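Please read the briefing below alongside the sequence and the 3D structure. It goes from the whole chain to single residues.

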Amino acid sequence: ELGMHIKVHPDTIFIATANIGVSYTGTHKLDSAMSGRFGYRLERDYPPADAEIDILVNRVGVDRAKAATLVDIANMTRNRHRSGEFDEAVSTRDLLNTAALVAAGMPVIAASEYTFVKFFSEDGGAASQRTAVRQIITGKAGAAK
């Protein structure tokens, strides 16, 4: 678009990332001409539970047991998202935000309510995704006490 040409070394590698799927509003599918320019595609999933717990402990200083509870909650929502039961899932970014509140002294249930629950639909009232997430949170956090 700028009419510029940039010379690059023949061994140069370009890496691009994309959030693709219905969970990402405002995104558009890459057309085949563009996506065909990328020779390899690597799909990433969430980190393994132990690694994600380490991320929470090391990044925000949350207690390891509380970090494990938060990761368990997240993984339960992720499994239900994969099965099509939930429209959303708790991301690692959501976990970091929640763990920061917990590290600052907020109880796990309150922090999870504040950061996780709002992303889930409340359509259906008592049978809503939001209610199901609250049940996951209270079940996991209550059992961890």
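With which residue does Arg80 form a salt bridge? The partner is Glu85, and the closest N and O atoms of the two are 2.5 Å apart; a salt bridge is a side-chain nitrogen of Lys or Arg within 4 Å of a carboxyl oxygen of Asp or Glu.

This is a predicted model, in which local features need pLDDT of at least 70 and side-chain atom pairs count only at pLDDT 80 or more, while totals for chains, interfaces and linings use all residues. Residues are numbered from 1 along each chain as its sequence is written, and side-chain values use heavy atoms, with hydrogens and water left out.

**Overall form**

- The protein has six helices and zero strands; helices (H or I, at least four residues) and strands (E, at least two) are DSSP runs, numbered from the N terminus.
- Its radius of gyration is 19 Å, well over the 15 Å that the globule rule gives for 145 residues, so the protein is more spread out than a compact globule. The radius is taken over C-alpha atoms, and the rule is 2.2 Å times the number of residues to the power 0.38.
- The C-alpha trace spans about 60 × 35 × 25 Å along its principal axes.
- Of the 145 residues, 27% count as buried; buried means under 20% relative accessible area, exposed over 50%, and partly exposed in between (1.4 Å probe, protein chains only).
- The accessible surface comes to about 10,500 Å², and 53% of this belongs to carbon and sulfur atoms. Such areas come from the Shrake-Rupley method with a 1.4 Å probe, and for residues only the protein chains shown count as cover.

**Core**

- The largest nonpolar core has 24 residues, and Leu56, Leu70, Leu95 and Phe116 have the most contacts inside it. At least two residues of this core come from each of α2 (49-60), α3 (64-82), α4 (92-103), α5 (108-115) and α6 (129-144).
- Such a core is a set of buried Ala, Val, Leu, Ile, Met, Phe, Trp, Tyr and Cys residues joined through side-chain atoms within 4.5 Å.
- Leaving aside neighbours within four places in sequence, Leu70 is in contact (heavy atoms within 4.5 Å) with residues including Leu56, Leu95, Val102 and Phe116.

- Glu52, in helix α2, is buried at 0% relative accessibility. Beyond its neighbours within four places in sequence, Glu52 has contacts that include Asn75, Arg78 and Leu95.
- Thr69, in helix α3, is buried with a relative accessible area of 9%. Thr69 and Ile137 are 68 residues apart in sequence and 8.9 Å apart in space, C-alpha to C-alpha.

**Salt bridges**

- The whole structure has seven salt bridges.
- Arg82 forms one with Asp45, the closest N and O atoms being 3.0 Å apart. This pair links helix α3 with the loop between α1 and α2, 37 residues apart.
- Asp54 and Arg64 form another, with 2.5 Å between the closest N and O atoms. Asp54 lies in helix α2 and Arg64 in helix α3, so the pair ties together parts 10 residues apart in sequence.
- In the bridge between Arg80 and Glu85, Arg80 is partly exposed at 25% and Glu85 is partly exposed at 41%.

**Surface patch**

- Leu2, Met4, Ile6, Val8 and Phe14 form a nonpolar surface patch with about 650 Å² of accessible area together. Patches are made of residues with over 30% relative accessible area and no salt bridge: like charges are joined within 9 Å, nonpolar side chains (Val, Leu, Ile, Met, Phe, Trp, Tyr) within 5 Å.
- Leu2 lies in the segment before α1 (32-35) and is exposed, with a relative accessible area of 73%.
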